[in-house]
Amino acid sequence: MVNEEMIHYLERLLPKKEEAIVAMEQYAHEHHVPIMDALGIETMLHILKLVQPTRILEIGTAIGYSAIRMAKALPNAHIVTIERDEKRYKQALVYAEQTNTKAQMTLLFGDALHISDEVKKHAPFDVLFIDAAKGQYRRFFELYEPLLSERGIIITDNVLFKGLVATNEPIEQKRIRQLIKKIQAYNEWLMAHPRYETVIIPIGDGMAISRKRGQQPND
Ligand SMILES: C[S@@+](CC[C@H](N)C(=O)[O-])C[C@H]1O[C@@H](n2cnc3c(N)ncnc32)[C@H](O)[C@@H]1O
């Protein structure tokens with residue numbers, strides 16, 4: 001992974017964020033809500049600006065941080081985002097209102113594995129962003145990949161899980177060991193996918209970018 005010094009150096013180069021965004025970061029920090037880190041979100045937004053999606057499906061809203069950052073970076077995009085934790089979902093509604101991004105968003109409350117019929121009504125999507133329960137990545141991918149447009153891409157966050165997927169050190173906690181195994185299995189499955197080609201970027205917590213094989217730039 002990129003070392004700490006480099007991370008701090010790159011973070012210092014980032015443009016100043018507006019107050020509402022900083023307030024969300026503080027809320028997330030204080031309430032232990034896992035949101036994308038500074039370099040991860042900037043990298044993703046940059047990729048999205050190149051892709052210029054008009055519809056994005058996000059699995060894992062939390063308090064709406066990444067959805068709001070996407071809405072602000074892509075004024076022509078609509079974001080459908082799913083959260084199963086009621087408190088976080090409600091907080092996301094508040095933040096969407098406060099940041100004037102609500103019109104660009106459809107916030108769905110529920111388990112992404114159970115509300116696909118509702119999600120289908122909003123398809124097709126140019127981007128599927130998977131940022132929810134790490135042990136379920138493959139299920140999210142298989143459930144929602146069919147809703148992608150021809151030029152659709154899939155972004156999966158946390159695929160390096162703090163570097164733990166690559167460590168040779170013994171992991172004490174059984175739950176973490178099992179989670180690591182699941183992420184490793186997802187990464188291997190994804191890299192060998194017959195219809196998608198994937199690159200894993202070691203930024204943030206590790207981000208996989210998958211695009212359809214044989215896709216031409218103007219498709
Ligand atoms: C890492 S956080 C999302 C962070 C957010 N994307 C951001 O960067 O601002 C993951 C969220 O996914 C939610 N989640 C986990 N599994 C889910 C599922 N099956 N359906 C809906 N939400 C889920 C969790 O409650 C948690 O709030």
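**Pockets and sheet: why the names apply**

Mentor: In the lining of the second largest pocket, the residues divide by class into 6 nonpolar, 1 polar and 5 charged. The model is a predicted one, in which local features need pLDDT of at least 70 and side-chain atom pairs count only at pLDDT 80 or more, while totals for chains, interfaces and linings use all residues. Residues are numbered from 1 along each chain as its sequence is written, and side-chain values use heavy atoms, with hydrogens and water left out.

Trainee: What makes a residue nonpolar, polar or charged here?

Mentor: The class follows from the residue type: Ala, Val, Leu, Ile, Met, Phe, Trp, Tyr, Cys and Pro count as nonpolar, Asp, Glu, Lys and Arg as charged, and the others, Gly among them, as polar. Applied to the lining of the largest pocket, this gives 18 nonpolar, 10 polar and 12 charged residues.

Trainee: Why is a space called a pocket, and what makes a residue part of its lining?

Mentor: On a 1 Å grid over the protein atoms alone, a pocket is an open set of points with protein on both sides within 12 Å along at least five of seven lines, and a lining residue has an atom within 4 Å of a point. The volume is the space filled by probe spheres set on those points, which are joined across faces, edges and corners. On that basis the second largest pocket holds about 290 Å³, and of its 12 lining residues the closest to the centre are Glu 4, Ile 7, Asp 37, Gly 204 and Asp 205. Helix H1 (residues 4-13) gives the most to this lining, with 3 residues. The largest pocket holds about 1,100 Å³, and Val 33, Pro 34, Ile 35, Met 36 and Asp 131 are the closest to its centre among 40 lining residues.

Trainee: How do you know which strands pair, and which strands are at the edge of the sheet?

Mentor: Strands are DSSP runs (E, at least two residues), as helices are (H or I, at least four), numbered from the N terminus, and two strands pair if DSSP finds at least two bridges between them. Strand S5 (residues 148-157) and strand S7 (residues 207-212) are joined by 5 bridges and run antiparallel, so they meet that cut-off of at least two. The 7 strands form an open sheet of mixed pairing, in the order S3-S2-S1-S4-S5-S7-S6. Strand S3 (105-109) and strand S6 (196-201) are called edge strands, since each pairs on one side only.

Technical notes
On a 1 Å grid over the protein atoms alone, a cavity is a set of points where a 1.4 Å probe fits but cannot get out, and a pocket is an open set with protein on both sides within 12 Å along at least five of seven lines; lining residues have an atom within 4 Å of a point.
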